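Open the structure in your viewer and keep the selection panel at hand. Each stop below tells you what to select and what is there.

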Amino acid sequence: MKKSHDPFKEFPQDEVRSAIRSGIIQAKEHSNTKHIKVGHWRRKATYALSCVAAVFVILLGSSYYSPALANSLSHIPIIGSIFGKSDIVGLQRAQENGLINEIGETQTINGISVTLNEILYDQNNITIGLLIESEKYLEPDYFGSGMDYTINGKLPSNSTGSYGEEKLSSTTRTAIQEINITEEMPEKFELGLILRGENGEKWYFTTPVEKITDIYKIPVYHTQSVDGLNLTVTEISYSETGLSIAYESSEEEVDFDLSRGGYIEFLVVDQDGNEITGRSGGVSGERVKDRIVFKSNKQFDPVGSPVTELTITPYLVIPSSGGGVEIDENGKEKELELKGDSIKSVEFDSFKVNIPQ
């Protein structure tokens, strides 16, 4: 398990002002809320001082996300080759079609150079490629669970994601971080990033980001209720870089460890029976009175032009191991034990969505 750090910790104002433009600011309005970033099948619960609602996140992380870069990338010659050489079809297509935002900014601290290579912003999904080069050996988890981030200087209230590295040599690696935003996002904004090293280093970046064009949305509003678990698929969106399924779920439950709405996944096949590969999509949840409500945008590989219809089958993936950390309003941490053995599975019905040609 990679080391965790607090992505909603206040940004150090003096350091930020001297290191980057005004895109990252100290998020004072969020200082009364504490979050913790967690790894694969780990949870976080957040209690704000001003209310009794709890917030919960599942990060699917590396189970969907493994950028396998060839050893020949030891000396990456051009911007964009991290995405182009990854095993993620959507990133490959993004580079092939000129959809990525090429940055190429490098910052060096303590002999460690971090280059912000490229960024892709599609359907509420931000993907970031990094090149990391060091004068000496770095531990595998030297950068913990990835970068902290802001949108127009503010911390997004609902976001999840994943971070993965590919070792090219003992001193060189690439990294891909994916950020999934479950709230409404502007078409363009200033993205602020902080990468933290094990010895206290902090690499700051800020850059304008703009959503790609030609994103198509299909309203769905398909609703099912099985054994008290309510599911509504609100929308499907797709582009050259991938397919997204937006859903909401709710259940009469007060224990996040027992709530099933955060474990919903989707099997997607086209009219010929070809499966569309799923690759990521975290879940954010909130306790509302006696119910727990979840929202997510599940990400899939792009669909081809011959696809005219999709059959979507929701199902539960209940983990058999893992855990998490809960932080109360006083900042006290409590280890959470996964209760997968106590979670009752359900079976949803399949439904079809037509893809306009």
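The tour starts with the whole chain and then moves through sheets, ring pairs, a helix and single residues.

**Whole chain**

Show everything as a cartoon. This is a predicted model. It has 3 helices and 21 strands. Colour by accessibility next: of the 357 residues, 56% are buried. Then turn to contacts between residues at least 6 apart in sequence: 65% of them join residues at least 24 apart.

Select S6 (148-151), S9 (residues 188-196) and S10 (202-210). These 3 strands make an open sheet in the order S6-S9-S10, with antiparallel pairing. S6 and S10 stand at the edges with a single partner strand each, so one side of each has no neighbour in the sheet. From one strand to the next, the twist averages 20 degrees.

Zoom in on S6 and S9. They pair in the antiparallel sense over 4 bridges. Pick Ile151: its bridge partner in S9 is Leu191.

Now step on to Asn152. It sits in the loop between S6 and strand S7 (159-167). Check its backbone: phi is positive, about 50 degrees, although Asn152 is not a glycine. Is Asn152 buried, partly exposed or exposed? Its relative accessible area is 44%, so it counts as partly exposed.

**Ring pairs**

The structure holds 5 aromatic pairs. Start with Tyr121 and Phe189. Their ring centres are 5.2 Å apart and their planes stand at 70 degrees, so the pair is edge-to-face. Tyr121 lies in strand S4 (residues 112-121) and Phe189 in S9, so this pair ties together parts 68 residues apart in sequence. Tyr121 and Phe189 are both buried.

Next, select Tyr142 and Phe143. This aromatic pair is also edge-to-face, with 5.2 Å from centre to centre and 70 degrees between the planes. Tyr142 and Phe143 are buried.

**Helix H3**

Select H3 (residues 89-96) and look down its axis. Which residues of H3 are buried? They are Gly90, Leu91 and Ala94.

Bring up the surroundings. The buried residues of H3 pack against helix H2 (81-84), S4, strand S5 (125-134) and strand S8 (172-181). Then follow the chain out of the helix. Gly98 comes after H3, and its phi is positive, near 65 degrees.

Select S14 (264-270), S18 (residues 309-316) and S21 (residues 351-354). Here again 3 strands form an open sheet, in the order S14-S18-S21, with antiparallel pairing. The edge strands are S14 and S21, and each pairs on one side only. The twist averages 30 degrees from one strand to the next.

Go through the two pairings in turn. S14 and S18 pair in the antiparallel sense over 7 bridges. Pick Asp270 to see Leu310 of S18 standing opposite. S18 and S21 also pair in the antiparallel sense, over 4 bridges. Pick Glu309: its bridge partner in S21 is Asn354.

Stay on S21 and show its side chains. Which face of S21 is covered, and which is uncovered? Phe351 and Val353 form the covered face, while Lys352 and Asn354 form the uncovered one.

**Two single residues**

Select Asp227, in the loop between strand S11 (216-226) and strand S12 (229-239). Its phi is positive, about 50 degrees, although Asp227 is not a glycine. Relative accessibility is 44%, so Asp227 counts as partly exposed.

The last stop is Arg279, in strand S15 (residues 278-280). Is Arg279 buried or exposed? Its relative accessible area is 7%, so Arg279 is buried. Show its side chain together with that of Glu178. A polar contact of 2.6 Å joins the side chains of Arg279 and Glu178.

Key. Residues numbered from 1 in each chain as written. Predicted model: local features only at pLDDT ≥ 70, side-chain atom pairs only at ≥ 80, totals over all residues. Heavy atoms only, no water. Helix = DSSP H or I, 4+ residues; strand = E, 2+ residues; numbered from the N terminus. Buried < 20%, exposed > 50% of the residue type's maximum accessible area, 1.4 Å probe, protein only. Polar contact = N/O pair within 3.5 Å; in protein donor to acceptor, adjacent residues only side chain to side chain. Pairing = 2+ DSSP bridges. Axes fitted to C-alpha atoms, helices over the stretch in contact; angles between N-to-C directions. Phe/Tyr/Trp six-rings, centres within 6.5 Å; stacked < 30°, edge-to-face > 60°. Contact = heavy atoms within 4.5 Å.
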